[in-house]
Amino acid sequence: MVMPANRRPIVKKRTKKFKRMHWDRYSCVDPSWRKPHGIDGRFRRRFHGLQKHPKIGYGSNRKTRHMMPDGFRKFLVRTPEDLEVLLMHNRVYAAELAHNLSAKTRRTIVERAAQLNVKVTNGKARVQTEDDE
């Protein structure tokens, strides 16, 4: 079992999504964030009691950014040769198999990852057993 090199706590300053102005007033307005424009908008002028705007201060710690809860970062693997990159970084990155790999290629990648002691996040995906007969 591969353990991450340094397991520091991941602190999120804000977990709620920033929502767009008037997303709750009109059904045609999607809640995904857009910068507010307009000459008189209270939301753009950041009046008290209104929703928060995204700012640079909400950013994550640089050492824990893009880190999964188990302490690894993802590395997308498309071919068996991509695993060789993780040989020296197997305690920092975990391999994630691409969605369009065949079952045969997946099996070879998972076997090679076990030899290199690399963690695979979705190693059991799309691998069927022969007992279904």
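## Terms and basis of the model

A residue is called buried when its relative accessible area is under 20%, exposed when it is over 50%, and partly exposed in between, with a 1.4 Å probe and protein chains only. The structure is a predicted model, in which local features need pLDDT of at least 70 and side-chain atom pairs count only at pLDDT 80 or more, while totals for chains, interfaces and linings use all residues. Residues are numbered from 1 along each chain as its sequence is written, and side-chain values use heavy atoms, with hydrogens and water left out.

## Salt bridges

Side chains of opposite charge can pair when their charged atoms come close. Counting a salt bridge as a side-chain nitrogen of Lys or Arg within 4 Å of a carboxyl oxygen of Asp or Glu, a search of the whole structure finds three. In one of them K119 pairs with D70, their closest N and O atoms being 2.5 Å apart. This pair links distant parts of the chain, 49 residues apart, with K119 in the segment after helix 1 (103-116) and D70 in the segment before strand 1. K119 counts as partly exposed at 23% relative accessibility, and D70 counts as partly exposed at 27%.

E96 forms a salt bridge with K74, where the closest N and O atoms are 3.5 Å apart; E96 lies in strand 2 (residues 93-97) and K74 in strand 1, 22 residues apart. Here E96 is partly exposed at 21% relative accessibility, whereas K74 is exposed, with a relative accessible area of 52%. E84 forms a salt bridge with R112, the closest N and O atoms being 3.1 Å apart, and this pair joins the loop between strand 1 and strand 2 to helix 1. Helices (H or I, at least four residues) and strands (E, at least two) are DSSP runs, numbered from the N terminus.

V2 lies in the segment before strand 1 (73-77) and is buried, because its relative accessible area is 10%. Leaving aside neighbours within four places in sequence, V2 is in contact (heavy atoms within 4.5 Å) with F72, N90, R91, N117, V118 and K119. Although V2 and N90 are 88 residues apart in sequence, they are 7.7 Å apart in space, C-alpha to C-alpha.
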